[in-house]
Amino acid sequence: PACLACAVGTYQPGYNQTACTTCPALSSTHATGSVLVSDCECVPGSMWNATSRACVLCARAFYKPGLSNEQCNECPAHTWTHDGATALENCTCKLGYYANADGIPCTACEAGRYKNSTGVGVCSLCPRNTYTERTDEALISLSDCQQCLAGKSTLPGANNGSSSCKNVCDVGEYGDPNIGNGCQNCGAETYNNKENQAACKPCPV
């Protein structure tokens with residue numbers, strides 16, 4: 001009978017054999033006709049572990065694209081993957097972080113915003129009548145947006161702590177915090193030196 005080359009993923013070091021030996025778990029060969037077990041290298045998403053002397057899956061937040069015994073690559077900042085990731089694009093934003101594509105570093109949601117899903121996308125504004133502190137970043141839940149006390153209001157995305165919540169607009173502002181666009185800053189050449197004003201006053205000529 002004719003001799004056949006061992007298939008990819010198998011090897012045979014002996015002569016006159018009737019079958020080839022399958023590579024160890026999470027390993028394969030680069031081509032047919034492999035002879036030695038050392039021809040078996042770790043498949044994508046796994047790496048060689050010198051302690052266990054076996055291929056193991058890449059840990060979370062690591063990836064490896066090729067067939068080799070090289071170590072896994074760390075994902076960009078603030079991204080993660082499931083175990084065994086095989087590509088940089090598997091690295092996607094953690095909760096509370098955003099980017100416009102996978103496989104690139106992610107940025108923390110700014111104060112007044114949150115993101116309760118992984119992956120690409122934008123951060124959501126904390127809703128009206130809630131607030132965060134200025135130092136709050138990378139919030140992951142709507143529940144991270146603190147509720148104003150009864151009778152006080154904010155616009156969406158308020159991030160100046162509890163002082164964001166108002167029952168009347170401050171000096172230098174106009175409007176009503178409970179309706180419409182809330183409190184707005186006085187524009188150029190106008191002012192308000194009193195609270196709770198519907199409009200700003202023009203500066204003297």
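In what sense do strand E5 and strand E6 pair, and over how many bridges? The legends below take this up and then move on to other close-ups. This is a predicted model, in which local features need pLDDT of at least 70 and side-chain atom pairs count only at pLDDT 80 or more, while totals for chains, interfaces and linings use all residues. Residues are numbered from 1 along each chain as its sequence is written, and side-chain values use heavy atoms, with hydrogens and water left out.

**View 1. The hairpin of E5 and E6.** Strand E5 (residues 46-49) pairs with strand E6 (residues 54-57) in the antiparallel sense, over four bridges. Strands here are DSSP runs of E with at least two residues, numbered from the N terminus, and two of them pair if DSSP finds at least two bridges between them. Met 47 has Val 56 in E6 as its bridge partner. Four residues lie between the two strands of the hairpin. As a reminder for reading such a view, side chains in a regular strand alternate between the two faces of the sheet.

**View 2. Arg 53 and His 78, each with a positive phi.** Arg 53 sits in the loop between E5 and E6, in the turn of the hairpin. Its phi is positive, about 50°, although Arg 53 is not a glycine. Arg 53 is exposed, because its relative accessible area is 62%; exposed means over 50%, buried under 20% and partly exposed in between, with a 1.4 Å probe and protein chains only. His 78 is not a glycine either, and has a positive phi of about 65°. Look for His 78 in the loop between strand E8 (73-74) and strand E9 (79-80). His 78 has 35% relative accessibility and therefore counts as partly exposed.

**View 3. Ser 68, in the loop between E7 and E8.** Strand E7 covers residues 62-63. Is Ser 68 buried or exposed? Ser 68 counts as buried, because its relative accessibility is 14%. A polar atom of the Ser 68 side chain lies 3.3 Å from the backbone nitrogen of Glu 70. Not counting residues up to four places away in sequence, Ser 68 touches Glu 41, Cys 42 and Ser 46, where contact means heavy atoms within 4.5 Å.

**View 4. Ser 153 and its contacts.** Ser 153 is in the loop between strand E16 (146-147) and strand E17 (173-174). With 2% relative accessibility, Ser 153 counts as buried. Its side chain makes a polar contact with the side chain of Asn 129 at 2.6 Å; such a contact is a pair of N or O atoms within 3.5 Å, where within protein one must be able to donate a hydrogen and the other to accept it, and residues adjacent in sequence count only if both atoms are side-chain atoms. The Ser 153 side chain also reaches the backbone oxygen of Pro 177, at 2.8 Å. Leaving aside neighbours within four places in sequence, the contacts of Ser 153 include Arg 128, Cys 148, Ser 164 and Lys 166.

**View 5. Ser 143 and Asp 136, in the loop between E15 and E16.** Strand E15 spans residues 130-131. Ser 143 is exposed, with a relative accessible area of 58%, and its side chain makes a polar contact of 2.8 Å with the side chain of Ser 141. The C-alpha atoms of Ser 143 and Cys 55 are separated by 42 Å, with the two residues 88 apart along the chain. Asp 136 is partly exposed, with a relative accessible area of 23%. A polar atom of the Asp 136 side chain lies 2.9 Å from the backbone nitrogen of Glu 133. Beyond four places in sequence, Asp 136 touches Glu 110 and Ala 111. Asp 136 and Cys 23 are 113 residues apart along the chain, and their C-alpha atoms are separated by 51 Å.
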